[in-house]
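Here is a short tour for anyone who likes to see the geometric criteria next to the values. Have the viewer open and follow along.

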Amino acid sequence: PPAMDIAARLAGKSLSPKGFQRVFDQKITLRIQCFGPWCGGASDGARYLAFLKREGQGYVLMANPCGTRVYPDPKPALRKTLTACMRGEACTPAPRRR
């Protein structure tokens, strides 16, 4: 199917103006999206920087094969850039992934 929802849990830290300091431990929906024969995904126990979508009273993590919302093993520079953006400071996008 083009998309499949899976009940999941995401635990870690969420971003605030002070950085990744807020505890986040929530049940979420992992929405696996497929584009043709390619599908996104996530692995249990892996470290990710993820952008969640608020739907109703919960959160959805959309994992597509292009990797536009899920970043495995994020580098410190990416976390630093996102914190600066959150604070309204100079915010230069990272180069595209290859």
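## A loop proline and the ground rules

Let's begin with Pro17, which counts as partly exposed at 43% relative accessibility. Here buried means under 20% relative accessible area, exposed over 50%, and partly exposed in between, with a 1.4 Å probe and protein chains only. Pro17 lies in the loop between β1 and β2. Its C-alpha atom is separated by 8.7 Å from that of Cys85, although the two residues are 68 residues apart along the chain.

This is a predicted model, in which local features need pLDDT of at least 70 and side-chain atom pairs count only at pLDDT 80 or more, while totals for chains, interfaces and linings use all residues. Residues are numbered from 1 along each chain as its sequence is written, and side-chain values use heavy atoms, with hydrogens and water left out.

## Overall layout

Helices (H or I, at least four residues) and strands (E, at least two) are DSSP runs, numbered from the N terminus.

The C-alpha atoms fill a box of roughly 40 × 30 × 25 Å along the principal axes. Of the 98 residues in the protein chain, 22% are buried.

## The nonpolar core

Which residues form the largest nonpolar core? There are seven: Phe24, Ile28, Leu30, Ile32, Leu61, Ala63 and Val70. The term stands for a set of buried Ala, Val, Leu, Ile, Met, Phe, Trp, Tyr and Cys residues joined through side-chain atoms within 4.5 Å. Both β2 and β6 supply at least two residues of this core, and the largest share, four residues, comes from β2. As general background, nonpolar side chains in soluble globular proteins tend to be buried together.

## Aromatic contacts

How many aromatic pairs does a search of the whole structure find? It finds two. Rings of Phe, Tyr and Trp (its six-membered ring) pair if their centres lie within 6.5 Å; planes under 30 degrees apart count as stacked, over 60 as edge-to-face and the rest as tilted. The rings of Phe24 and Tyr59 have centres 5.4 Å apart and planes at 70°, so this pair is edge-to-face. Because Phe24 lies in strand β2 and Tyr59 in strand β6, the pair ties together parts that are 35 residues apart in sequence. Phe24 is buried, with a relative accessible area of 13%, whereas Tyr59 is partly exposed at 26%.

Phe51 and Tyr71 are also edge-to-face, because their ring centres are 6.2 Å apart and their planes are at 75°. Phe51 lies in the loop between β4 and β5 (53-55) and Tyr71 in strand β7 (residues 70-72), so this pair ties together parts that are 20 residues apart in sequence. Phe51 counts as partly exposed at 39% relative accessibility, and Tyr71 counts as partly exposed at 23%.

Tyr59 has a further contact: the charged end of Arg54 sits over its ring, 4.7 Å from the centre. The test asks for NZ of Lys or CZ of Arg within 6 Å of the ring centre and within 35 degrees of the ring normal.

## The largest pocket

The largest pocket has a volume of about 990 Å³ and is lined by 31 residues, of which Leu10, Lys13, Tyr48, Leu49 and Ala50 lie nearest its centre. The elements giving two or more residues to this lining are β1 (3-16), β2 (19-35), β4 (48-50), β6 (58-63) and α1 (76-87). β1 gives the largest share, eight residues. A pocket is an open set of points, on a 1 Å grid over the protein atoms alone, where a 1.4 Å probe fits, with protein on both sides within 12 Å along at least five of seven lines; lining residues have an atom within 4 Å of a point. Its volume is the space filled by probe spheres set on the points, which are joined across faces, edges and corners.

Asp73 lies in the loop between β7 and α1. Its phi is near 45°, a positive value in a residue other than glycine. In general, most residues other than glycine have a negative phi. Asp73 counts as exposed, at 52% relative accessibility.
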